Amino acid sequence: MPAERSTVRGTSEVGRFPGAAPPTRVELSVHKESEKKPEEGFCSRWFWKMCPCCCKHRDGASYDVTDKIEMIKPVTPTPPMDAETIKPKPANGEAKESEETKVSVSSLDLLSSKTGRNRREHHTDSYPGDGMVVRRGQPFQIELELNRPFEADTDKLRLDLKTGSLPMVSKGTHVIVPLVDQLEDKRWGAEITEANGNRIKLSVNSPASAVCGVYGLTVTCSSSGGEAGTAFASGENVVMLFNPWCEEDIVFLDDEDERKEYVLNDTGRIYYGTEKQIGSRTWNYGQFHEGMLEACLFILEKSDIPPSGRGDPVNVVRVLSAMINAQDDFGVLVGNWSGDYSDGVSPAAWSSSVEILKKYHSSNGLPVSYGQCWVFSAVTTTVLRCLGIPARSVTNFQSAHDTDVSLSTDVYLDEDMEPIDYLNSDSVWNFHVWNDCWMARPDLPPGHGGWQAVDSTPQETSQGTFRCGPASVNAIRAGHVYLKHDTPFVFAEVNSDKIYWQRNPDGTFSQIYSEKKAVGHCISTKAVGSEQRADVTHLYKHQEDSEEERIAVETASRYGSKPHIYSSPAAEDVSMEVRVEGEGPRMGADAELSILLKNLSSEARRTTLHAKVAVMYYTGVLKGTIKTERLPVELLPDQEKTIEWVLPYQQYQNQLVDQAALMLTLSGRVSETQQVLASQTTFRLRTPDLSITPLGKAVVGKEMAAKITFTNPLPRTLKDVVFRVEGLGLQRGHQVVVGDVGGHSTVTLTEHFVPTQPGARKLVASLDCKELTQVHGVADVIVREQ
């Protein structure tokens, strides 16, 4: 393999309320637009734990005494002797309660067989063995054998899940899971789904933000008779992973084929060579191989990241990019570009991550020799996929290595045009391999989620450690290098200009030439579902020499150490603003925005605006572009001009995702002054509200009604429409199946209910269907005593 150059640096009830009314009476009517309309009205710690004296420190403390992780059944710990578990002795003369009446757990089954429901539904059935491996944000089932039947009215039950060496409720590492009537999204909870004699089955839900790692599980039972609770510790651990199948998880990826490729595929292709002679090799990622899950969890334990930080994939990926290399933290791989690999394995000899990770784990964290960029990248792919974070290896040909944060690749020449070697620290590699990983970026402005670049090859330090990323690929493409993490470095790798400088007689340097297409060619990764090469250069940069690409380069350079490489604009006298009129565009109609341009000079100005609108998830991840256009603009002296920008309904009707959010990106350059104009505007298509009108007097114990009205704003039929209605003290939460609602038709729903509590109450309702989301309404109801 060619050498590289490197400078090493229930559909039923939603809630239950006391005294709730009997089952609801519902009256439903649907009216077509042409018909007359009625009146509107949801660890034990590791079975081993890190000794504090063995944890990693920046002062160079030893790392080779860290315990080895082995996924074996731990010894069942003795329940803690606290007030909750110690039963006081009965007073003299007081009858001793029969032990037979106390509820307790006799056995616990995690239902963790790899062929069982839990592992199948959580897409973890490829991991070896029958351990409990689940993904967060999704219910899993467990089964308890009690000493007697569970009495819901008098018995109490809770689960305790603990992870890390010092579990704390406030840190999310000690989770107290209550028994609930019905599971809710974004909350821990356990619901009894089956009861058969002494056996009960629980469905346990975790939020999509739960800490990932190894949890110990304890079940505590008690009764309302006053006796202390009894605790039963599971002999098996629960491993919680990230969940790209869960919409609420930051790593959610909505394409099933891409999930199969970037999470479940355990082999891949890595590209190398030169842009004109691209070679490829098959790599065995092996994330489901025996011992790989334990090894990946071991790497997390060896890292700086505390257990409480293992719920944020941004933090996890950033720490792993440091841990895959051994440069400053006794990580997995030692980098070596010397050509002498006699005391280790040549980087080109590896073809699998499995042997590397097994060797690192079995040696209790002794770095493995040796790796170069493709090996670092391949091991990173393995670890991320194993933990549930979508990832791929990516190769950039003619990859620049910027050493001074200039955002350019600099070549220094003397007066005789000879290279000045000691100044020429920047370099261009034939190829360089790093990773893309997929996640939302709630820590960045909207539109910067999606693919993130992360590089585990030790090149330059980031905040004092050899690591790189995650950097938003969208930010790299736009030149937004001020956004974290390490975006300037990756931008320079793919889109920096090569600048030639000549030394002057007085020792200063002058820019004599710039090469605009020198770096960032044929950026490659394995295609989804095939062995073909996919070119993803367009994700990292605009077309070479296009105005958008030049704007990105010049925008980025202004944040580098040489901001004056490109001439500053002669003037910045044109302003641009995007306005959303009133409450904004409505769903079902053309979306109209206003672009206001002002010429503040006494001379004419000309520009061409490049407009692009993309569908966006509420997390800030862009789904895809649905319209692009060029808008030529001419401004007279001191003129103010408004451009009405329109997105026709037909262009977005089948493209929207939840929240109906869109992003309009505008960029351009003023011809006369070279001023750059740029703007990103997010907006949503407003959905109609449900109209709720109370009918009759609201009195405790007396039946009343409310009319709920909805008009379909779309010229198309809404399929499988469901209403959900609830009101604390008014109405038990339930759903009403409406069915299909035709284009522009009106639905009228009349709810009959009996208020149970006096005072100011709210009746809330929402509509749910695939074609339309975020439709809801509320009515205030003042309930009087009878």
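**View 1. The buried residues of helix α3.** In α3, the residues M292, L293, E294, A295, C296, L297, F298, I299, L300, E301 and K302 are buried (under 20% relative accessible area, with exposed meaning over 50% and partly exposed in between; 1.4 Å probe, protein chains only). The helix is therefore described as mostly covered, 11 of its 11 residues being buried. This is a predicted model, in which local features need pLDDT of at least 70 and side-chain atom pairs count only at pLDDT 80 or more, while totals for chains, interfaces and linings use all residues. Residues are numbered from 1 along each chain as its sequence is written, and side-chain values use heavy atoms, with hydrogens and water left out. Helices (H or I, at least four residues) and strands (E, at least two) are DSSP runs numbered from the N terminus.

**View 2. The surroundings of α3.** Its buried residues pack against β3 (132–135), β9 (213–223), β11 (238–241), α4, α5 and α6, where contact means heavy atoms within 4.5 Å.

**View 3. The buried side of helix α5.** In α5 (residues 353–362), S353, V354, I356, L357, Y360 and H361 are buried. They lie on the same side of α5 because they cover an arc of only 165 degrees around the axis, as given by the directions from the helix axis to the C-beta atoms. Among the elements that cover these residues are β13 (277–284), α4 (313–323) and β15 (368–371).

View 4. C373 counts as buried because its relative accessibility is 0%, and C468 counts as buried at 6%. The structure holds 0 disulfides (pairs of cysteine sulfur atoms within 2.5 Å).
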